[in-house]
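User: I'd like to understand how the labels on this model were assigned. Could you take me through a few of them?

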Amino acid sequence: MVDLPYRFPRRTAIPSNRLISPKTMTTIHIRPLVLLAVLFGIPEQLSAESPVPDKILFNRDVRPILSDNCFFCHGPDANHRQADLRLDVREEALKSGALDAAKPDAAKPEAAKPDAAKPEASGIVARIFSDKADVQMPPPDSHKKLSARQKEILKRWIEQGAVFQQHWSYEKPHKAEIPTGQNGVDALVHNRLSELGLKPASQADRRTLIRRLYSDLLGLPPSASEVDTFLRESGDANSELSATKADTAYLALVDRVLKNPHFGERMAIHWLDVVRFADTIGYHSDNPRNVWPYRDWVIKSFNDNKPFDRFSIEQIAGDLLPDKSQETLVGSAFNRLLLSTEEGGAQPKDYEARMLTDRVRAIGAAWMGQTTGCAQCHDHKFDPFKARDFYALGAFFADIEEPIIGRREDGMVVATADQQAQLAKLDAALTDAKTKRDAILPWIDVAQQQWESDLVAYDIILPELAADAKASDPDKKTAKQVVEIVKKADKDRKPNEKTIVQTYFRNKVTKLYQSERDAFAVADKERQAYFAQLPKCIVSNSSPNKRTVRLLPRGNWMDESGEIVKPGLPSYLPGPKVEGRELTRLDLAQWLVSRDNPLTARTVMNRLWKQCFGMGLSKVLDDLGAQGEMPPNLALLDWLACEFMDSGWDFKHMVRTIVTSETYRLASTANADQLAADPYNREHARQSAFRIDAELVRDYALAISGLLASDIGGPSVKPYQPDGYWENLNFPTRDYPSDKGTSQYRRGLYTWWQRSFPHPSLLAFDAPSREECCSERNRSNIPQQALVLLNDPTYVEAARVFAARILTERPGTPDERIAWAWQQALQRAPRDEELRTMRGLLDQHLEAYRKDAKSAEDLLKIGFSPSPESLDKAELAAWTHIARVLLNLHESITRT
Amino acid sequence: MVTSIGSNMDVENVAENRRKFLGRSSQGLGTVALASMLGPSVLNGADVGNSLGAASLPQKAKRVIWLSMAGGPSQFETFDYKPKLAKMSGEPMPESFTKGQQLAQLQGQQLLCLGPQFPFSRFGTCQTEISTLFPYIGSMADDICLIRSMTTEAINHDPAHMFMNTGSQIAGRPSMGAWVTYGLGRVAENLPGFVVLVSTGKGRSPQPIAARQWSSGFLPSRHQGVQLRSHGDSVLYLGNPSGITRDQQDLDVRAINELNRFQDSQEHDPEIATRIAQYEMAFQMQASVPELMDIRNEKKKTLELYGCQAGDGSFASNCLLARRLAERGVRFIQLYHRDWDHHSLLKQELPLRAAEVDRACAGLIHDLKDKGMLDDTLIVWTGEFGRTPMSQGDKGPIGRDHHNKSMSMWLAGAGVRGGQVYGATDELGYAAVENVCTVHDLHATMLHQLGIQHDSFSVKFQGLDAKLTGVEHANVLHDILV
């Protein structure tokens, strides 16, 4: 895929049923290149291939071929291994004779030449070049097929001595030397560019730069005045003298942006995908659970620049820390973010297994960049991750207290200092009131005894039982019970009978000490009401009664024959030797962010790179294993990983390092030569353009219109949603009351995340359901996106409110107003042809609404926010269309 | 299809754009980009966006209509008559059947046999035994292939639906409709390739259905099932905002596209061309979907054939809509009819569900046959699991619990051999014993009829060649095919 040649042979009409002959269709691995080849009638081999390198490197050239085509049967999984041949370990492969030509000079590859003259002697070479079905490898029924280039690579590799390397991501990252005064990103990108003979694009213009920075780090458009300030501080763009000034202005801008509290929100969006944060449990009834304080904890952690190692440890083991606090406990809600069920008939063992596997997949995805899921049933086919590693990782979480089936508990109260003080005050008041009330209770009891004896002695009829009584049936029933009970001697009464009489007497009969008793009731009620509305969060609590974890044969939870597994770190990576005690989640967390683990820093930096450039350095974000991709610029990913660890896991430092690099600041437009040389922009001779994320599409519209409520954090909110969208939910059935007031205008990341029915407007822009960890969202371009931006009341209202701003904040001619609107939305002046289009549109709509006042009124009624009465309705309606068109532009939802 | 590219853009230009876009595409998949790149102006009118190129096997089915009886209908009251079970009704279930087996709500309860609650009768020249609750479906017995030996892995609704739709119990996998439109592309202009309709039985509190059941999972989002709703906007956000006429919407869409074209001339970003095409398609959908949904112009005879009235939101209406969708080239049409979860009130409620679907299912087969479309339309009727031969009495009047060792389902059309019964359960209907088949087999067979070789139809996901039919071996059920 990387080495796509620039020129395609020109082909015209090819009947669609003839694109691929049945013979070549044996393999239908759907990859872009194959597709391109399919579409243009080019054989895959030709379209995909670049020259075979002279010097073969195992990790770059050979491993991907072996992993994709051979390891499934000749790899790490012993149970599935064929012909006892293992090709992922050199010694084993040599023993088998598969690499025969390489054997004599195993120790000295450079001495290979004489013997390697006949690579045909090698088992592998003979088989991959064979066209006999019973000899050929991979076998025809595997539907795997090697290209001519791949065969040549394997042949040459064996000729050169079949040198193996450990898989790149399991080696410790190597930190390249960077010349003093240079940005590591630039130095390492430039190294590659000069190796490849590529020239970097020019620097992006300043408007693009500030929009890019705001999008990547804050997820909001800069206001027109912020752009002005930045341009002013940057000085004259054309003067060389001002280059330093411009640079200083940019660095100052970066500083301001990193201090902006929206930074945490922007960073949180991706992390919340990775840890599958959602407001509901996921399965079946998909009921709510209390977790939003965790979301706010994530935002705050990024804003406070909590070191990433600590950030990780609090999530996995915040309850086990010696300095545990409310904050670390909220972080530990991470362990509770999995899917759970309340379905009747669900079996605990089944869901215990589901929850264990869910957690292992999450740790693998979020920190290790490893696809652990396969090892639930068998040793991993491509990576050295064994089924035992899988269950040993799962066993770390066997101590977490939780209902396996059923409703989640309300969780821990998460109170601010003020709230804690208020609660303490209410507690004190309650204690005080209780003391006073308790003091008078004996007197009440005395009175009760007197009343009881009177009742019996005088045969008094209770008011509820009078002939003309209007009491309710339950009240009558209680009164009858009281009459019967008081006839019994105290010692013959059951406890609940005593309570019935006491309650009746205190509530219905006596007025004695009423104020003390009322004071207590009031204090109790107040305290309860206050407590009920305090935020709560399900968090981790460690139980000494750990669940027993067994290795489940083929992942079958009904099979209890597997051995019992204790917590353990992945066997293929270095780790601490701990003896005399069982490992805990804290050990796991500390190991994940230790120097022993080569994966975490690389995984996190790869994801950050994607945020800043549109694609990871290794393009497969969720798999740094054998089936992922070795980054073309491994030195850069390694440098970032090392710098991240060396800086004390300082996330903002890494963000700053990246965004202040020249590489980040390049223009994203590419000419034909650049496209030809590096079609996928893997070498970063330029920046990339991409559509902004779902939440940001919303945020931009609200920000531009002025509707955005910019406060940080709080319970999840319910923006407008089509009626009936939740109609297929049940147990219970649910209404969706849209939030009123400022809650309606919160940023997208605060949207109520209903896993089984994610908000449709976010879903259309590829927001994930967050049922599984998601390192990477689709980035689609589909008609539903147009329907949302055109018709969702959120966007219609935003356009209407934006229009009202244009009319009230910018007096002047229509042209001047359009120009002002352009500055607000796109931070640039409209071009002449754009002005003309908008003027024409405005006139047409204005004419229509002048004739049809009712329609104007209907349009202006959309959304909860009122329209200013002072404005002419036809005019406002027509300008709403202008604003609407602006918000719908490709440029408005694209980061360049 | 390449002609249509040629007519819109220079072929090489497209190639260049495509590469540029692929460079940005986040997924290893890259087809996201491709789909996106091609855009509807290219997609329309031909089988494009097609990930197989040409189908690798002869294609018998051009489309699928999948009738999902959500909740899990009992096979004992529908398609699998068990005289021995009738005889033993009320007696303890022999332990030899149930020991060590997975049970849902019956865990720890006394297990008693429950005989069939309704009589069966023989239908058609094939003399297939079907419950008398389904006289209409019975009348089509010679057209359908009944499978009595289906099994599944899951025993709770949500995972069982997931397994039936995606071949996996882990959330986040693509639904079969998404796989199929991904593999074969789309024919319909201005309509999605995968459409979902949901109806609910009248009466009780039905099991929920999650949108993930029609998710595109890790496949490009445009293959996601689009739900057509019977009230409100038939497609979410389809209707113009109030106060905006179609003409005004047209003006805005044109202005947007014109401005985007200006931008394209500045930036040469292929995503812009796609965006323009998507706005055109959205605008067209705003007319084509309401036209599709409006069944008032259908003949009275047709409405009677299905047993529906315009706008009633019933399963029968959805069956008629399914035919209309099929006519317009929609690839995969999935209907859910909720409320088959009869833990209790089996005798009271099941006949109501049967009446709600019986005539409509038969009407659909009949109608497609009349229009010559049954030959290339595959109809599938199934629940997400079966039910126990044991009674459940703890939820009120008697019912049956969830069951995964045996279930009945049927297929019709598109090269499926009609008038056939495939497979059998043991004498008490506890487990499938003859020609036992799995959900993966069903998927493999359906793909086979669609012209797709299931074990070579894969997408790279998390390092695996992920397939609809999973990692275990799946068999095409050749015996049920013509």
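Analyst: A residue is called buried if 20 or more other C-beta atoms lie within 10 Å of its own, exposed if 12 or fewer, and partly exposed in between, with C-beta atoms placed from the backbone. By that count, 66% of the 482 residues of chain B are buried. This is a predicted model, in which local features need pLDDT of at least 70 and side-chain atom pairs count only at pLDDT 80 or more, while totals for chains, interfaces and linings use all residues. Residues are numbered from 1 along each chain as its sequence is written, and chains are lettered from A and ligands numbered from 1 in the order in which they are written.

User: What makes Ser202(A) buried or exposed?

Analyst: Ser202(A) has 11 other C-beta atoms within 10 Å, and the limit for exposed is 12 or fewer, so Ser202(A) is called exposed. Ser202(A) sits in the loop between helix H9 (184-196) and helix H10 (206-217) of chain A. Its C-alpha atom is 5.8 Å from that of Leu666(A), 464 residues apart along the chain.

User: Which residues make the contact between H3(A) and H8(A)?

Analyst: Helices here are DSSP runs of H or I with at least four residues, and strands are E runs of at least two, numbered from the N terminus. Helix H3 (residues 58-69) and helix H8 (residues 148-159) of chain A pack at about 115 degrees, their axes 10 Å apart; axes are lines fitted to C-alpha atoms, for helices over the stretch in contact, and angles run from 0 to 180 degrees between N-to-C directions. Asp61(A), Val62(A) and Ile65(A) of H3(A) meet Gln150(A), Ile153(A), Leu154(A) and Trp157(A) of H8(A), where contact requires C-beta atoms, placed from the backbone, within 7 Å.

User: Why are E6 and E12 of chain B said to stand at the edges?

Analyst: Two strands pair if DSSP finds at least two bridges between them. The open sheet of eight strands in chain B has the order E6-E5-E7-E1-E8-E11-E4-E12, with mixed pairing. Strand E6 (226-227) and strand E12 (420-422) of chain B each have a single partner strand, so one side of each is left without a neighbour in the sheet.

User: How do you know that E5(B) and E7(B) pair?

Analyst: Seven bridges join strand E5 (residues 194-200) to strand E7 (residues 332-338) of chain B, and at least two are required. These strands run parallel, and Val195(B) has Ile333(B) as its bridge partner in E7(B). Helix H8 (residues 176-184) of chain B packs on the sheet, touching strand E1 (63-70), E5 and E7 of chain B.

Notes
Contact = placed C-beta atoms within 7 Å.
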